[in-house]
Each structure stands twice: as structure tokens, then as C-alpha cells.
Amino acid sequence: MHTIAFLDIEIEIISGKIGDIGSVKEDGSSFHSNSVTDFIKFLQGSQYFCGHNIIHHDMKYLQNYFNDAGFNNVGIIDTLFLSPLLFPTKPYHALLKDDKLQTDDINNPLNDSIKAKDLFFDEVTAFQRLDYSLKRIFYLLLKDKKEFCFFFQFIGIVDTMEDGIKINSEDSINLENEIREKFHAQICQRANLAKIIAEQPIELAYCLSLINAQSRYSITPPWVLKNFPAVEQVMFLLRHKPCLMGCVYCDEAMDIHKGLKRFFGYDSYRTFGGEPLQEKAVNAAIMNKSILVIFPTGGGKSITFQVPALMSGENVKGLTVVISPLQSLMKDQVDNLEKAGITEAVTINGLLDPIERAKSFERVENGSAFLLYISPESLRSRSIERLLLGRNIVRFVIDEAHCFSSWGHDFRVDYLYIGDFIKSLQEKKNLEEAIPVSCFTATAKQKVIEDIRAYFQEKLGLDLDVFSTNVSRTNLHYKVFQKRSEEEKY
């Protein structure tokens, strides 16, 4: 039987030295002191050391002591990295709050060690409950990664898994086929899995775990997005990049007509002068292009960005951020969506009371919001920035886009900050690909269109495809009535 010790340390803020140590072993024996010497004695005989965030935190302070004590061959197991793999569904796990353990005891490392022990054995149980193929997939992806290898070693997976699953040297070659078979109709069959397996195996494992959960509102934890930013790109390649040839997944999940019918009950998109501009704009968004849409008031601008937003919310747990200068319009759109039975939209603006605002923040954080409506001024808020850093942002939608242009009839200086904010967000999230944008306005002269396109080209390197209706309105008619007096006119 393996002997494993669970540990946690507290660091003094000013000195940076170890201030308190807690540990508990599998047999229930415990340690709580600030003496590193006694702690080393307590750990003697353990084959594994386990903790929550132990690799990047505790080991920074303990590594030298462990080396001196001859603990070089001890396996380090970190429950932090295992948790999103084995508890992908909302509400994640009772003991977890992002990358910290939930505890009512302030700075008590012994209690945190006990919680780490409980969490670890929950993780062992969760792994053992996985089906045959998913165990193989996770093992083959992660067996040589320091964050996971000793976990597999502890539960006895080296050459043969304990329930009889054979692991052969050729299996790595067949891993791609195993993933395609296990996730048939759940990922694009033409995604370059071989490249992802070779370059981003941890990110792929986290994505597959979330996909396998089939939970509508479960999302990748913010600490994972921060430490493994490629997770967003991998999820994009698996489920948000339509293959041109079509496959079982793309033909169903990426079909804009099925999306329109599912969310709004309509059989077809609106045409303008016989041209299917709304359909073309929605399709461009699904193909992850940046667009400028000029539709008349009442011409279906909202559905044009709501359909792609709701589809990406379902497919990749993505959040679409809608920037609008009109608070009343935000509320009106959220209310109209709720009337249609769509509850995945929230707004954060100055009209909300503190309780409503907190609820909106919570819904964005926990993944139950696919659409977030905010004002351009909100982008200067640090709390809004932190909120967006914790979600997979799939698109920015800018309503009343004529406000970018000094030639527009409603120029707003705050709009000129939008590009800087998006650029900063992309850099902080370490994104390889630019976040696409959709700009919407009811009317725009050629100079205004040129200003909007030039702004995004200069700020973000985006080339906006334009979808514009004819400015003539055949459903409006003007007629002059001749009157002889003021009284008759009124």
C-alpha cells in the first residue's frame, strides 16, 4: 500500500518565510507546527506528498528542505490540476473556490491538509467512475506531465490499469482515433487532433472533460484560462470552427438555420430587397469573421448577433459582450429575450441596484450567461475587466457603431477606448487569435463606414466585412396635405 501525506504551508507576508505547517497522513496521524525539522521527521516514509496548488506554491518553499532530506524520489500530487479534469460540471466541487480550498478557518494549514485529503480521495473515486475509453484518453494524454503522472502512478496505472485496461506502446498512435470515436458528433471530425495532442495535451484533456460533462452552463474555471490560455483555442478548434466539407457535429451544432429555429422559432432569415443580408451576416459571424452591419431600425439587428452568441454559448461556453450606449435598450433586449424563453442574457449598468448587479456578476462568473450587455464606459471598470478575464470571450458586439466616427451624428469619446480595451484583454489572456467584433448601426454615410473600418484595422488588425441594406425604405411614404390655416393644420 502506498503511503501518502497531505500538506499545506502558510507563508509570512513580510519575510516570505514558512510561518505555519499542517499535514495529515492517510492513517489519520497529523502534524501542526512551524518547525520544518519536525515536519521533515513526520513525512519520513511517505512515498507521495499531496496538496492543493502544491507544485507552484508549497514546493517553491519546501524543495530545498526536501532535497536535503533525501525526498528526491517522492511523487508530488497536486489536487488543483486534477479538479477541472474530474469535476468539470457546475458547481465544480464543494471544497473548491477557483484555485483555493473552501474553508471557514483562516490560515489553518492543518485543516487545509485535511480538506486536500478529502478532495484527493474524491478525485480518485471520480476517476475510477469514468468509462473505459475516457480513462485511457486521459492517461495517454497526461501520463508524462508532472501535474498528473504521479496521480496515475498512485492509483496503479503504469502498464496496466487496475480494471484490466491494457496500455500498449502503440496506443499513443491510436489515441486520435479513440478520441474521435468517443466524441463522435461532439467535436468537428476534421479538427487537427494530431497537432493538438502533440502540442496541447493538457488543454485538450480539460476541453474533452468539459465536453463529456454535457452540462449547459458549466465552464472552464478562470484559473485554468489564466494558466492554460490555449484551452480557449483548443475548444475553438474542436467546436467553433466549422469545417467547410461538413461533418456530423458541424452540420448540427454550426447550422445557423437550426440555431434560428431552436432559439427564436423562425424558419428563415429576413431579406432586404430580395437579398439575404441577415443570413449572410450571421453566417459570417459563425465563420468567426469581423463584420459591420448596417440594417434599418427594426430590421433585425439584434437577432443577427444573438443567434451566433447563443450558439457559441452552447458550443464552447463562450460569452458575447454587447456594448451599447443606451441603458434602456439593454434592459429592453434582455427582457425581450426572457419573453422568448431565453434566459442566458444579463446586463450590468448604472440602473441596477447592488443586489441586481451582484446577481449579474454571478451569472457571468458561473457560466449561466452567454450574452452580457454593458456600456462603453464600463470598460474602464477594473471589476468588469476581471470578470471578462475569467470567461472565454468569443465576440464583442458594438451597437450604435456610428458613435466611433466624428462624422457620425452621435460621436462618443468612450467608443474610442473600446479597441484599446480589447487589445489589452487579448494580451492579458495571452490569446493567439484576435477576438472578432461585430459592429451594428442603422444608418451610416460612406465616411462613417470608412472611419469604423479604419479604426478596427488600426487598433486590432481586423478587416470588417460590410453588410449594408439600401437606404431607401419602400415601406415608408410621404404625402403633403395643403391646409388654409393653423387651426386646420392642428
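Modeller: Happy to! Let's start with helix H20, residues 446-460, which lies across S8, strand S12 (393-398), strand S13 (437-441) and S14. Its direction is at about 160° to that of S8. Please keep in mind that this is a predicted model.

The strands under discussion belong to an open sheet of 7 strands, whose pairing is parallel. Reading across the sheet, the order is S10-S11-S9-S12-S13-S8-S14. At the edges you will find strand S10 (345-348) and strand S14 (465-468), each of which pairs on one side only. From one strand to the next, the twist averages 20°. As a reminder, strands of a sheet pair through backbone hydrogen bonds, and they can do so either parallel or antiparallel.

Strand S8, residues 291-294, is joined to S14 by 4 bridges, and the two run parallel. To find this pairing on your screen, look for Leu-292, which stands opposite Val-466 in S14.

The C-alpha atom of Gln-44 is separated by 69 Å from that of Gly-300, and the two residues are 256 residues apart along the chain. Gln-44 counts as partly exposed because its relative accessibility is 43%, which falls between the 20% limit for buried and the 50% limit for exposed. Apart from neighbours within four places in sequence, Gln-44 is in contact with Lys-25, Ala-69 and Phe-71.

Notes. Residues are numbered from 1 along each chain as its sequence is written. This is a predicted model: local features need pLDDT of at least 70, side-chain atom pairs count only at pLDDT 80 or more; totals for chains, interfaces and linings use all residues. Side-chain values use heavy atoms; hydrogens and water are left out. Two strands pair if DSSP finds at least two bridges between them. Axes are lines fitted to C-alpha atoms, for helices over the stretch in contact, and angles run from 0 to 180 degrees between N-to-C directions. Contact means heavy atoms within 4.5 Å. Buried means under 20% relative accessible area, exposed over 50%, partly exposed in between (1.4 Å probe, protein chains only).
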